[in-house]
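Please look through the sequence and the 3D structure shown here before reading on. The report that comes after them is meant to be read side by side with the model.

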Amino acid sequence: MIPKQPRLLHALAIAGWSIVATAAHATEETLQPYQMVRSLQLVQDRIADGDHAALPMQRKLLEMIDGRFRSAESTIFEDARNVDALMVYAMSGGNPATIADTIARVELDEDDRQATAGILGYLLGDVAQARKAMATIEPGRYHAEVAAFLSLVKGSILGVENANAGIAILDRARLESPGTLVEEAALRRTIALSVTAQDTQKFLSASEQYARRFLRSPYASQYAESFVSGVIALRHLDLDLAAVESTIGWMTNEQAKTVYLRLARRAAIDGDAELLDFASRRTDPGDDLPDDEDPRGALYSSISSVTSETVDQVLAKLRDLDSSRLSSKDRALLEAAKTVANEVVAPAPRPATLEPASEEVAVDEPTAEPAEPTETEALVTAARSKLEAIDKLLEETEQ
């Protein structure tokens, strides 16, 4: 991991740009591909540690390495370090066209050729080709940095058909490359695959590990999306909400609020009262909404009590919300919630007048008269019918 002392970080930032500047002025013969790829890996480690300023360095280095491989003589691949560098470059977001051109004109041993072909298939989205090529590849026979990347790719490929098998290989990728961008990516993919496998314990453990270590990564927003989707998808398996709260507890206040708001919205749409109450309480909008308060928290928390005894106050709060500060989807939710609340507080319908008994009924046979509905029963009936009528509207807002 990159040290976090401010002065050292500043020095590393200068050093990183120096690497790029030096390489940019060097001739193609000066630096070997493996030397350039090592610089790329240093930059990637900084990205994993939350240094967003390193992203332009990564792009620049990828461009330079791409040019180096395109112009390279086939003889440079007699050095196994350059073969490894080709694979690391490919798995770091390299140009598929460059990879294909390189492996077509150089001599590689069978394992290296299969591994590179598998990586290329993965980059091109050809899962069948990638799976076939990687089937016999054992990442452990390579140096640690290459093995970690190969485990990441192989785990991702296998996970398409067998989530548990993919997770097992991704675990190995993490162990082989702790604190790096490989571990960061492996954790994100493990979270997604654990949902497919319906493994709540793995989902929670991987989610918390990511929150503890990589929330400053530029890819953390993807993690947040996977986390929210996973919580929703695994709710039917009695997902431990205390563990969910513990994971969110590692986030900044702003990150936590965003996640809780997303959970509350999805729970409101899905009709998950328990999750809605859990999430909306933690957005903490307060009873009096300040001018600069996010109206979404008040909206979602109000939905959870729209049919409660305090519906008058809820309706007043809903009416006071500034709908112009909501998205079009949330405006639809707001209108639906107000519609339900209005129905709940509306006067109960008067019972229909009974028709006279038919003359054919015997005078000595009592006629069953329907009991007059109570006010509460009428309110419940009206609310239920209106809830059914707006179900489709709520579902549409999720699309």
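What follows is a report on selected helices, helix pairs and loop residues.

## Basis of the report

This is a predicted model, in which local features need pLDDT of at least 70 and side-chain atom pairs count only at pLDDT 80 or more, while totals for chains, interfaces and linings use all residues. Residues are numbered from 1 along each chain as its sequence is written, and side-chain values use heavy atoms, with hydrogens and water left out.

Helices are DSSP runs of H or I with at least four residues, numbered from the N terminus.

Helix 3 (residues 55-71) and helix 5 have axes that come within 9 Å and cross at roughly 25°, the axes being lines fitted to C-alpha atoms over the stretch in contact, with angles that run from 0 to 180 degrees between N-to-C directions. Helix 3 is therefore roughly parallel to helix 5, a term for angles under 35 degrees, with angles over 145 counting as roughly antiparallel, 65 to 115 as roughly perpendicular and the rest as oblique. Asp66, Phe69 and Arg70 of helix 3 make the contact with Ala97, Thr98, Thr102 and Arg105 of helix 5, where contact means heavy atoms within 4.5 Å. The crossing of these two helices, helix 3 and helix 5, is left-handed, which is to say that the near helix is turned anticlockwise from the far one by less than a right angle.

Thr102 belongs to helix 5 (residues 96-105) and is buried, with a relative accessible area of 0%; buried means under 20% relative accessible area, exposed over 50%, and partly exposed in between, with a 1.4 Å probe and protein chains only. Beyond its neighbours within four places in sequence, Thr102 is in contact with Phe69, Phe77 and Leu86. The side chain of Thr102 also reaches the backbone oxygen of Thr98 at 2.7 Å.

Helix 6 (residues 110-123) has 14 residues and reaches 20 Å from its first C-alpha to its last, close to the 20 Å expected at 1.5 Å a residue, the expected span being 1.5 Å times one less than the number of residues. Among the buried residues of helix 6 are Asp112, Ala115, Thr116 and Leu120, and the elements that cover its buried residues include helix 4 (80-91), helix 5, helix 7 (127-134) and helix 8. Just after helix 6, Gly125 takes a positive phi of about 80°.

Helix 8 (residues 144-159) has 16 residues and reaches 22 Å from its first C-alpha to its last, close to the 22 Å expected at 1.5 Å a residue. Because 13 of the 16 residues of helix 8 are buried, helix 8 is largely enclosed by the rest of the structure.

Gln198 lies in the loop between helix 10 (181-196) and helix 11 (200-213); its phi is near 55°, a positive value in a residue other than glycine, and Gln198 is partly exposed, with a relative accessible area of 46%. Asp238, in the loop between helix 12 (220-233) and helix 13 (241-248), has a positive phi of about 60° although it is not a glycine, and Asp238 is exposed, with a relative accessible area of 68%.

Key: A polar contact is a pair of N or O atoms within 3.5 Å; within protein, one must be able to donate a hydrogen and the other to accept it, and residues adjacent in sequence count only if both atoms are side-chain atoms.
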